[in-house]
Amino acid sequence: MFKGSELWNGIKIPDSALFEWDGSSTYIRNPPFLDDISSEPEMENVSKAHVLAHLGDSITTDHISPAGEFSRDSDAGRYLIDLGVSEDEFNSYGSRRGNHEVMMRGTFANIRLKNKLAEGKEGSRTKHIPSGKMDTIFEISRIYAGKEDPVIILAGKEYGTGSSRDWAAKGPYLLGVKAVIAESFERIHRSNLIGMGIVPLQFMDGDTADSLGLDGSETFFITLKGTAPRSIVEVTAHKASGDIKFKVRSRIDMPAELEYIRNGGIIQTVLRNMISKK
């Protein structure tokens, strides 16, 4: 037990204090969670945000980040094929969770996802606003990212219910999601969103996206500066027929969670705390 087996001891280990990432690996890649981290944290308003997905009730973590198999026609499948991986070696989303390129392509890729922007089609489909282009949620997110446009999610009750996987929050973060406005949240998923710097916002009692007249085509402005735990947040949804102004409740429930959001996530918070103690 203390010496290790012949196979274990035969593993070649680089003489380095840092992990040497294998650029050719399709299973484990260096994730970009700490890329472009700013020197100082700041709570920023969300401005000119578009809706990436307009969802209903009981959206589970299986809808947000499926763990099963995927096809050659999926974004993840096309990515692996381009790298020379054959379809019979795809394995599953769960087995490739160390590759953020696969997992972000698998975000909202459940074949049974019902997105109200997808014009009746199930699966990973959405509409780009304002062009009206229809494509996979991943591809539309890249168009928004290319123009540095933030995106949000609209949802109904029990958003994130089920087994709360970490990638159900990491994936939306990599797609550029800044906030989720829902009627209610599953407890652990709400916490996971905050851990990735995504702000959970809850419609006020009696309000829903439908009752407010929101159809997902709007451009959203969310005032977050000065937000306190469970405070009321002002939202303006701009559309051609006129602005819709409404209030939501911040589901940043505790001071420590507010600090995570200010820092952009729990990883950034830990890193800044480590640096400040040196």
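Q: How many nonpolar, polar and charged residues does the lining of the largest pocket have?
A: This is a predicted model. In it, the lining of the largest pocket has 21 nonpolar, eight polar and 11 charged residues.

Q: And how much space lies in that largest pocket?
A: About 1,200 Å³. Lining the largest pocket are 40 residues. Closest to its centre are Glu44, Tyr173, Lys178, Gly197 and Gly264.

Q: Which of them gives the largest share?
A: H5, with four residues.

Q: What about the second largest pocket, how much space is in there?
A: About 330 Å³.

Q: Which residues lie nearest its centre?
A: Ser74, Tyr93, Ala109, Asn110 and Ile111. They belong to a lining of 18 residues.

Q: How does the lining of the second largest pocket divide by class?
A: Five nonpolar, seven polar and six charged.

Q: Change of topic. In what order do the strands close into a barrel?
A: The order is S1-S4-S5-S6-S9-S8-S7. That is seven strands, and the pairing is mixed. From one strand to the next, the twist averages 40 degrees.

Q: Take S1. Is it mostly covered or mostly open, going by how many of its residues are buried?
A: S1 is mostly covered. Seven of its nine residues are buried.

Q: How do S1 and S4 run, parallel or antiparallel?
A: Parallel. Four bridges join strand S1 (residues 46-54) to strand S4 (residues 151-154).

Q: Which residues in S4 do His50 and Val51 face?
A: His50 stands opposite Val151. Val51 has Ile152 as its bridge partner.

Q: And S1 with S7, parallel or antiparallel?
A: Antiparallel, with two bridges between S1 and strand S7 (residues 219-222). Val46 stands opposite Ile222 in S7.

Q: What is the bridge partner of Ile222 in S8?
A: Val235. S7 and strand S8 (residues 232-238) are joined by four bridges and run antiparallel.

Q: Keep going. How many bridges join S8 to S9?
A: Six. S8 and strand S9 (residues 244-250) run antiparallel too. Across that pairing, Ile232 stands opposite Arg249 in S9.

Q: Which residue takes a positive phi in the hairpin of S8 and S9?
A: Gly242, with phi near 135 degrees. The hairpin has five residues between the strands.

Q: What about Ile244, buried or exposed?
A: Buried. Its relative accessible area is 16%, and the cut-off for buried is under 20%. Ile244 is found in strand S9.

Q: How far is the C-alpha of Ile244 from that of Arg142?
A: The two C-alpha atoms are separated by 27 Å. Along the chain, Ile244 and Arg142 are 102 residues apart.

Q: Now the rings. How many aromatic pairs are there?
A: Seven. One of them is Phe33 with Tyr173, with ring centres 5.9 Å apart.

Q: Why does that pair count as tilted?
A: The planes of Phe33 and Tyr173 are at 55 degrees. Planes under 30 degrees apart count as stacked and over 60 as edge-to-face, so the pair is tilted.

Q: Which parts does the pair tie together?
A: Phe33 lies in the loop between helix H1 (6-9) and S1, while Tyr173 lies in helix H6. So the pair ties together parts that are 140 residues apart in sequence.

Q: Is Phe33 buried or exposed?
A: Buried, at 10% relative accessibility. Tyr173 is partly exposed, with a relative accessible area of 24%.

Q: Which aromatic cluster is Phe33 in?
A: One formed by Phe33, Trp167 and Tyr173.

Q: And Tyr159 with Phe185, what sort of aromatic pair is that?
A: Edge-to-face. The distance is 6.2 Å centre to centre, with 85 degrees between the planes.

Q: Where do Tyr159 and Phe185 lie?
A: Both are in loops. Tyr159 lies between S4 and H6, and Phe185 between S5 and helix H7 (187-195). So this pair ties together parts that are 26 residues apart in sequence.

Q: Are Tyr159 and Phe185 buried or exposed?
A: Both are buried.

Conventions
Residues are numbered from 1 along each chain as its sequence is written. This is a predicted model: local features need pLDDT of at least 70, side-chain atom pairs count only at pLDDT 80 or more; totals for chains, interfaces and linings use all residues. Side-chain values use heavy atoms; hydrogens and water are left out. On a 1 Å grid over the protein atoms alone, a cavity is a set of points where a 1.4 Å probe fits but cannot get out, and a pocket is an open set with protein on both sides within 12 Å along at least five of seven lines; lining residues have an atom within 4 Å of a point. Grid points are joined across faces, edges and corners, and a volume is the space filled by probe spheres set on the points. Ala, Val, Leu, Ile, Met, Phe, Trp, Tyr, Cys and Pro count as nonpolar, Asp, Glu, Lys and Arg as charged, and the others, Gly among them, as polar. Two strands pair if DSSP finds at least two bridges between them. Axes are lines fitted to C-alpha atoms, for helices over the stretch in contact, and angles run from 0 to 180 degrees between N-to-C directions. Rings of Phe, Tyr and Trp (its six-membered ring) pair if their centres lie within 6.5 Å; planes under 30 degrees apart count as stacked, over 60 as edge-to-face and the rest as tilted. Buried means under 20% relative accessible area, exposed over 50%, partly exposed in between (1.4 Å probe, protein chains only).
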